[in-house]
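User: I'd like to learn how to read pockets and ring contacts in a protein model. Could you walk me through this one?

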Amino acid sequence: MVKGQRDTYTMKGDVLTCYRATGNKLFITRPYELHTTGKIAQNRCEFFAVQLNLTAHDNFLGLNQQYSNALCRSLLSMDKHLYHMGDSQISMLRTAFNLISYGREADSLTGVQYLTCVLAGLPYLSPVPEHTNERVNTTIGLALKYIEQHIEHPITLQELANETNYSLSRFKSKFKEELGITPAEYITLQKMDRAQMLLKTTNSSITDIAYQLGFSSSNYFCSVFKKTLSYSPAAYRKNFTQS
């Protein structure tokens with residue numbers, strides 16, 4: 001965020017946590033994480049937005065394998081959402097955007113180098129404390145609670161609709177209106193969140209984790225995990241297991 005103010009909410013269970021980015025602040029969300037700017041129009045502001053695809057771990061931003069893997073691990077290990085940025089980093093980011101937008105190959109190459117420098121410095125930033133919490137619609141909250149309690153079992157949309165006393169079609173419509181994604185997408189994200197915890201804190205095999213979370217096969221689990229988090233479960237466990 002360069003100028004102004006922008007509120008962004010992330011959701012865990014039925015709790016929305018608000019992060020307020022003002023000048024020289026950085027807001028980060030992860031591949032699997034629900035986030036929204038809410039239903040209220042935002043004030044005018046100036047900000048840079050970057051979406052990083054970290055699937056090319058061995059050649060991220062043209063780096064060699066060693067430095068590419070190191071940078072990807074470093075970025076994915078950032079566990080806070082809001083950070084303080086310095087004027088020099090904002091200036092470098094602006095330069096990167098300007099150079100890349102010119103469209104000429106030499107300018108784009110230089111812009112990528114500026115962007116790489118900015119990204120490499122992000123893990124050294126100081127985090128900003130969280131802001132206020134809100135809860136989603138009470139009725140939909142019942143479905144979220146049910147998902148949380150049964151995340152290690154197959155969950156049908158009809159079960160969730162029954163929890164809310166909505167018809168199936170009304171439930172799906174209300175859920176999407178409230179959260180911005182479908183119930184099925186939300187369930188997948190929650191299963192991936194639980195999978196990360198199990199990979200980091202247990203010695204359970206990937207196959208056991210897949211079946212524990214209600215997947216029909218370990219291959220399907222691995223496919224969904226990699227699509228959501230860029231890493232395969234095995235690579236995630238190797239790179240992010242805390243000693």
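**Pockets and rings**

Analyst: Let's start with the largest pocket: strand E1 (6–12), strand E3 (25–27), strand E4 (35–36), helix H1 (65–76), helix H2 (87–102), helix H3 (105–121), helix H7 (183–201) and helix H9 (218–229) each give its lining at least two residues. Helices (H or I, at least four residues) and strands (E, at least two) are DSSP runs, numbered from the N terminus. Keep in mind that this is a predicted model, where local features need pLDDT of at least 70, side-chain atom pairs count only at pLDDT 80 or more, and totals for chains, interfaces and linings use all residues. Residues are numbered from 1 along each chain as its sequence is written, and side-chain values use heavy atoms, with hydrogens and water left out.

User: What counts as a pocket, and which residues are the closest to the centre of the largest pocket?

Analyst: Rolling a probe the size of a water molecule over the atoms shows where empty space is left. On a 1 Å grid over the protein atoms alone, a pocket is an open set of points where a 1.4 Å probe fits, with protein on both sides within 12 Å along at least five of seven lines; lining residues have an atom within 4 Å of a point. Here the largest pocket holds about 1400 Å³ of space. It has 44 lining residues, and Ile 28, Thr 29, Val 50, Gln 51 and Leu 52 are the closest to its centre. By type, the lining splits into 27 nonpolar, 11 polar and 6 charged residues.

User: Which element gives the largest share of the lining of the second largest pocket?

Analyst: That's H7, with 6 residues. The volume of this second largest pocket is about 760 Å³. Of its 29 lining residues, Arg 30, Tyr 32, Asp 79, Asp 193 and Gln 196 are the closest to the centre. The lining divides into 14 nonpolar, 8 polar and 7 charged residues.

User: On to the rings: how many aromatic pairs are there?

Analyst: Rings of Phe, Tyr and Trp (its six-membered ring) pair if their centres lie within 6.5 Å; planes under 30 degrees apart are stacked, over 60 edge-to-face, and the rest tilted. The structure has 8 such pairs. Tyr 19 and Phe 27 make a tilted one, 5.8 Å centre to centre with 45° between the planes. Phe 175 and Tyr 186 have ring centres 5.7 Å apart and planes at 70°, so that pair is edge-to-face. Phe 175 sits in helix H6 (residues 168–179) and Tyr 186 in helix H7, 11 residues apart. There's also a cluster: ring pairs link Phe 215, Tyr 220, Phe 221, Phe 225 and Tyr 236.

Conventions: Grid points are joined across faces, edges and corners, and a volume is the space filled by probe spheres set on the points. Ala, Val, Leu, Ile, Met, Phe, Trp, Tyr, Cys and Pro count as nonpolar, Asp, Glu, Lys and Arg as charged, and the others, Gly among them, as polar.
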